[in-house]
Amino acid sequence: MDKKERVVMGMSGGVDSSVAALLLKEQGYEVIGIFMKNWDDTDENGVCTATEDYEDVIRVCNDLDIPYYSVNFEEKYWEHVFTYFLDEYKKGRTPNPDVMCNKEIKFKAFLNHALSLGADYVATGHYARVRKTDGHVEMLRGVDDNKDQTYFLNQLTEDVLEKVLFPLGDMPKSEVRKIAQEHNLATANKKDSTGICFIGERNFKDFISEYLPAQPGKMTTLEGKEVGNHDGLMYYTIGQRQGLGIGGPGDPWFVVGKNVTDNILYVEQGFDHDALYSDALLATDVNFIQPIEPHTTFTCTAKFRYRQKDSKVHVHVREDGLVDVQFDEPQRAITPGQAVVFYDGDVCLGGGTIDQILKNEVALDYVG
Amino acid sequence: MDSIYIDHAATTPLATRVNEVMYEYGKTIYGNPSSVHAFGREARKYIDEARMTVAHSLGGQESEVIFTSGGTEAINSALMGVALAHKKDGKHLITSNQEHQATLHTMRYLETNGFKVTYIETDETGCINIEQIKRAITDETILVSIMMVNNETGVIQPIEEIGAICAEKEIYFHTDAVQAFGPLDINVDQLQVDLLTISAHKVNGPKGVGALYVREGTHMQSLQFGGEQERKRRAGTENVIGIVGFAEAVKDIQQNRVNDQNNIQACAEAFLHALTKQDVNYTINGDRSKSVPGIINLSFPGTHVESMLMNLDIERIAASSGSACTAGTVEPSHVLQAMFGESSEEITNSIRFSFGKENTPEEMEEAAKRIAAIVQRIQA
């Protein structure tokens with residue numbers, strides 16, 4: 001009898017990872033469920049959502065008759081994800097902690113932990129696909145276009161993907177819910193989690209002000225005309241309309257940039273204000289899943305935010321690994337700190353961090 | 001693959017004989033021991049007999065035993081009960097930094113209620129510093145509580161010497177003997193303890209039952225209000241069936257202690273010998289010559305406790321480390337921190353193995369083989 005291949009499944013207590021575990025078990029793997037505790041969110045009443053989520057993991061694993069454990073990555077998460085998150089905000093940028101969490105925690109610390117348990121694979125409930133072809137491993141978008149999560153997985157490398165299973169990549173979310181209901185899983189009707197995992201349902205402003213002192217300052221137009229006051233630059237992101245509190249006649253106001261040195265928030269009127277548009281960007285920390293040599297230039301599509309439609313771009317890889325990205329069409333509200341992720345059809349080529357925004361070959365310093 | 005249970009310090013299997021006795025009792029007897037009719041008297045007779053068995057096993061009197069829901073309740077009652085009844089005499093308490101959470105958390109609660117607590121330190125051998133106790137005692141000191149055998153290392157603490165010190169100074173002395181009861185022959189007069197805690201499920205009895213020995217003349221405040229059970233010291237209808245099972249487990253200890261402990265010792269030695277033979281790199285935490293035979297705490301350099309425990313479970317070996325915390329993650333052991341300091345290697349790579357009378361040396365060799373494979377894979 002062949003020994004079953006062992007898969008360590010990352011279980012969050014949500015419906016996606018519950019169904020993923022179920023599917024793996026049905027496919028004949030030896031499945032071990034592990035809950036990652038990355039954040040201590042015990043509130044003043046001693047209640048901690050991690051404990052409640054873990055209770056759901058226990059219920060589902062008991063339903064599936066698989067062993068379950070919990071592993072604590074709080075320290076690593078703080079060091080590699082949260083510190084980065086705060087540092088980016090201090091620089092006036094809008095970071096993407098999920099990208100970092102996948103890179104440093106789920107597909108590094110957790111993967112290593114799984115390997116120490118003798119796992120052949122690690123699995124998660126992400127909506128993405130892995131394709132193995134003659135010596136190469138590729139990552140493809142999940143078939144449910146609305147749920148595709150390759151944007152957040154852009155930093156994974158080939159040698160990591162080789163050990164990864166994404167059981168949900170081939171199905172739409174509706175199918176996942178249906179399977180959960182058919183099997184009466186404890187999490188079948190659980191609400192999807194929203195927002196940044198460590199903030200949860202809390203108010204972002206309240207949360208971030210516990211860690212970064214808010215420094216209120218002036219709101220001006222790019223020409224320096226004062227139009228109001230802001231509560232702290234970290235509370236705003238490029239292209240934002242809500243919460244500016246500027247009244248008066250004319251079109252609504254939008255955030256177009258930040259000046260961290262002088263603590264000024266730049267705003268302009270009109271959704272389509274020219275200052276919101278750019279035609280190129282410079283990306284740092286770029287990972288290509290199939291390595292690409294410096295000095296290479298190619299055409300592909302890209303996303304600059306999660307759930308955005310792809311846009312056509314021209315990519316040039318510099319000697320030092322930095323990447324120039326030119327847009328076929330001008331793009332609105334490109335935001336430093338967010339990820340730019342490249343695609344060739346369904347294949348995710350990799351991605352990097354948006355560092356500089358350019359228009360007509362000039363860096364738009366006002367963006368931040 | 002057969003499962004191997006070597007986590008007896010967490011809990012033990014219910015002895016067949018204990019199960020039978022409880023079953024027989026439950027088949028026909030259901031009276032409330034406080035009732036003034038034949039049904040009540042019948043149940044009452046069983047509790048009285050059980051109380052005698054437990055009291056005599058400790059060298060105490062029947063009137064000095066209070067049945068509780070377990071070790072934690074007994075410890076809470078002892079510490080809180082004495083502290084609250086004697087706060088006019090002083091508000092200083094002494095314990096150690098290697099006690100069970102039941103003691104440490106009760107002490108912390110008392111601290112938030114105006115009491116002052118001194119935590120005696122532990123040395124690298126796992127033993128508390130007895131000189132520190134002598135120095136810590138003041139006119140304000142009303143109670144000392146030190147465990148008899150540590151639950152993580154198995155190290156036996158100098159209870160008789162502490163008993164003598166407390167007797168001389170006329171300070172109440174409680175010992176948590178949950179892990180000592182069974183391996184050691186306990187006599188409350190010889191140890192000069194005023195209060196002593198034991199638990200049934202650590203000695204092949206049922207869960208949910210324990211006992212607190214309280215020396216005659218000890219003033220304690222009751223923490224649970226209601227009926228007048230247990231000489232007004234613990235309100236609530238007694239868990240008679242559990243108490244009956246507890247007494248049966250105690251009888252078994254008294255008859256078979258030497259044989260059982262010899263077997264446990266043989267298993268522990270076989271386990272260590274097999275690990276050495278398999279070239280597993282390990283060190284023993286705590287002075288083995290001062291420990292009960294059944295508990296061994298081992299450090300495996302180059303491994304990590306979370307990964308080790310999961311690997312052991314996957315290989316069907318039940319062992320443990322520290323205590324579980326929120327969301328099931330492993331909390332660093334405060335006992336090992338007390339011994340080696342907060343940033344020591346041992347905290348991150350130590351596992352407790354604890355043996356029981358149903359273990360066999362052959363089983364231990366098999367366990368050592370599986371552990372060797374795990375350690376070698378992790379260290380590679």
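Ala, Val, Leu, Ile, Met, Phe, Trp, Tyr, Cys and Pro are counted here as nonpolar, Asp, Glu, Lys and Arg as charged, and the others, Gly among them, as polar. The model is predicted: local features need pLDDT of at least 70 and side-chain atom pairs count only at pLDDT 80 or more, whereas totals for chains, interfaces and linings use all residues. Residues are numbered from 1 along each chain as its sequence is written, chains are lettered from A in the order in which they are written, and side-chain values use heavy atoms, without hydrogens and water.

The interface of chains A and B was examined first. In chain B, 13 residues are in contact with 18 residues of chain A (heavy atoms within 4.5 Å). The two chains bury about 1,200 Å² between them, 59% of it on carbon and sulfur atoms. Buried area is the accessible area (1.4 Å probe) lost on putting two parts together, summed over both. The rule finds 5 residue pairs in polar contact across this interface, both residues at pLDDT 80 or more. A polar contact is a pair of N or O atoms within 3.5 Å; within protein, one must be able to donate a hydrogen and the other to accept it, and residues adjacent in sequence count only if both atoms are side-chain atoms. On the chain B side, H10 and helix H13 (361-379) each give two or more residues. H10(B) gives the most, with 6 residues. Helices (H or I, at least four residues) and strands (E, at least two) are DSSP runs, numbered from the N terminus.

The second largest pocket has a volume of about 810 Å³. Its lining holds 31 residues, with Asn72(A), Glu75(A), His304(B), Glu306(B) and Val330(B) nearest the centre. H4(A) gives the most to this lining, with 4 residues. By class, the lining has 9 nonpolar, 14 polar and 8 charged residues. On a 1 Å grid over the protein atoms alone, a pocket is an open set of points with protein on both sides within 12 Å along at least five of seven lines, a cavity is a set where a 1.4 Å probe fits but cannot get out, and lining residues have an atom within 4 Å of a point. Grid points are joined across faces, edges and corners, and a volume is the space filled by probe spheres set on the points.

The structure also holds 4 cavities of 30 Å³ or more. Helix H9 (residues 240-277) of chain B supplies the largest share of its lining, 8 residues. The second largest cavity has a volume of about 40 Å³. Its lining comprises 10 nonpolar residues, 1 polar and no charged.
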